[in-house]
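Here's a quick briefing to read alongside the model. Have the viewer open and follow along.

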Amino acid sequence: MKEYKLYINGEWIEADQEEKIEVINPATGEIVGTVPNAKEAETKKAIDAAYKAFEEWSILPANKRARYLNKLFQLMLENQKDIAETLTKEQGKPLKEAIGEVRYAASYVEWYAEEAKRNYGETIPAFRKNTKILVLRQPVGVVAAITPWNFPAAMITRKIAPALAAGCTVVLKPAEQTPLTAMKIIELIEKAGFPKGVVNIVTGDPVIIGKTIMEDNRVRKIAFTGSTEVGKILMKQSADTIKRVSLELGGHAPFIVFDDADLDKAVKGVFASKLLNCGQICMASNRFYVHEDVVGAFVEKLKDKLKRCKIGNGLEEDVTIGPLIDKNSFEKVSRHVQDAVEKGATIEAGGEGFHQGNNEDAGYFYAPTILSNVGENMCVMYEETFGPVIPIITFKTEEEVIKASNNTNYGLAAYVFTESLSRGLRVSEKLEYGIVGLNDGSPSEVQAPFGGWKESGIGREGGHHGMDAFLETKYLSIGL
Ligand SMILES: NC(=O)C1=CN([C@@H]2O[C@H](COP(=O)(O)OP(=O)(O)OC[C@H]3O[C@@H](n4cnc5c(N)ncnc54)[C@H](OP(=O)(O)O)[C@@H]3O)[C@@H](O)[C@H]2O)C=CC1
Ligand SMILES: O=C(O)CCCC(=O)O
């Protein structure tokens, strides 16, 4: 078990408070490490350090910033197994998936090392004689990255890599449940030789750390992934200092299977969009609209494939589905299934959770669950479940399913399965979502813009779009 300190201004330091935050393995209930419980004073120190470091980092030539990022990328690949083991121990996902996440996380570092060098401005033809118009893109300043527990590595690099590439400096606040993966990444940042103060980490009280960050005028940008509830708080708090905000929030993705779909592709899509990370993904498919003519065949294929899943401790080799993150999540998933059953749904598979031994406080496992005879009045159809539950509702027409799919305040991801190209494009265009997987259950890619419509967020991460969030535009008018 490792006891971490805070990393501020290039040094590992203790928080003023002696009590520590214990990090629990959700598969076993064991303590796997501790981190400091930082509050206002430590957060201010981190902001001071990032603000000071910005002076030099922001003017460092882009190719030199890229070299640091490339070094970090190499180190992440060399240490992928070690980071992934920590990730599985604190978050629960199977080790293979954790390794996949670390590589995915590293791919953002690699991508933005390149993107750093392509931060092009513009020249615009002037309408006055002897005048030139230049458009410059300059780093926004100190960035606070606030990240969730479901992707403890990738959600960090997806924010800090473009921030660093753009010339910004960073204060990172990882989730309380998964700070150890963050610490591993910080260790590699130190090893890569980034100048002191360029990246700082604080762990501790989210409300106090959040408030300290939000009230500080020197922090110019918030990059957040997490719940819509906290996203709204941060957006309100950002108003006083007009901070730039990027918010990646909750989702409630519809998964639509038309009667002309390739059902094998669709079933594969369910596994990718719903069962990875035990369904704890903001873009996870959450409600399944299956055409009435193919629902029977779809459910049978799905049930058949589910038989091959093994639930358990993610460190065990053949486990394909790990635990839910904690007791709250376990209770939420159980409540959703119970509510559906009480309102008339049928359990086709799964339908129950279990613990490590008989200890209710250790191991939060929930069997992948298929529900049929589902109605729109059930919680599963209007709340984000964040668990391995597949509620299936049937439909008849394209218009009907588009209307039902859009009937939510969320707008992150949607999935459409059809072998008709024209139907696929027509429906995709009508869906009010930032990401549509057309015959594709895993549309996350480093080079693509990831983000939501409506209450699923603001801004985009990934690709060249992801750099924009960390750059200000300056128009320079030059008289010759
Ligand atoms: N869009 C997505 O990818 C995610 C969606 N969710 C959804 O949200 C639900 C709750 O998950 P949870 O992890 O609690 O998500 P939160 O939104 O509470 O947490 C995300 C991050 O925000 C921090 N945070 C919490 N409150 C504040 C605050 N007032 N000011 C600043 N930072 C704050 C958390 O810190 P700390 O961990 O210390 O509380 C964490 O680092 C999930 O069940 C799921 O439905 C959750 C995670 C990711
Ligand atoms: O669930 C999230 O918080 C982000 C999704 C990760 C990805 O697929 O890019």
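Buried here is 20 or more other C-beta atoms within 10 Å of a residue's own, with C-beta atoms placed from the backbone.

This is a predicted model, where local features need pLDDT of at least 70 and side-chain atom pairs count only at pLDDT 80 or more, but totals for chains, interfaces and linings use all residues. Residues are numbered from 1 along each chain as its sequence is written, with chains lettered from A and ligands numbered from 1 in the order in which they are written.

**Around β21**
- Strand β20 (residues 413-417) pairs with β21 in the parallel sense, over four bridges (DSSP must find at least two for a pair).
- Opposite Gly-437 in β21 you'll find Tyr-415.

**Ligand 1**
- Of the 23 residues around ligand 1, those coming nearest are Glu-176, Gly-210, Gly-226, Ser-227 and Cys-282 (near is a backbone-placed C-beta atom within 6 Å).
- Helix α7 (206-215) gives the largest share of that shell, three residues.
- Domain 1 (2-249 + 456-479) and domain 2 (253-445) both contribute to the shell, so ligand 1 lies between them; the bounds come from an automatic or database domain assignment.

**Helix α4**
- Of the 21 residues of α4, 15 are buried, so the rest of the structure largely encloses this helix.

Terms used
A residue is buried if 20 or more other C-beta atoms lie within 10 Å of its own, exposed if 12 or fewer, and partly exposed in between; C-beta atoms are placed from the backbone. Helices (H or I, at least four residues) and strands (E, at least two) are DSSP runs, numbered from the N terminus.
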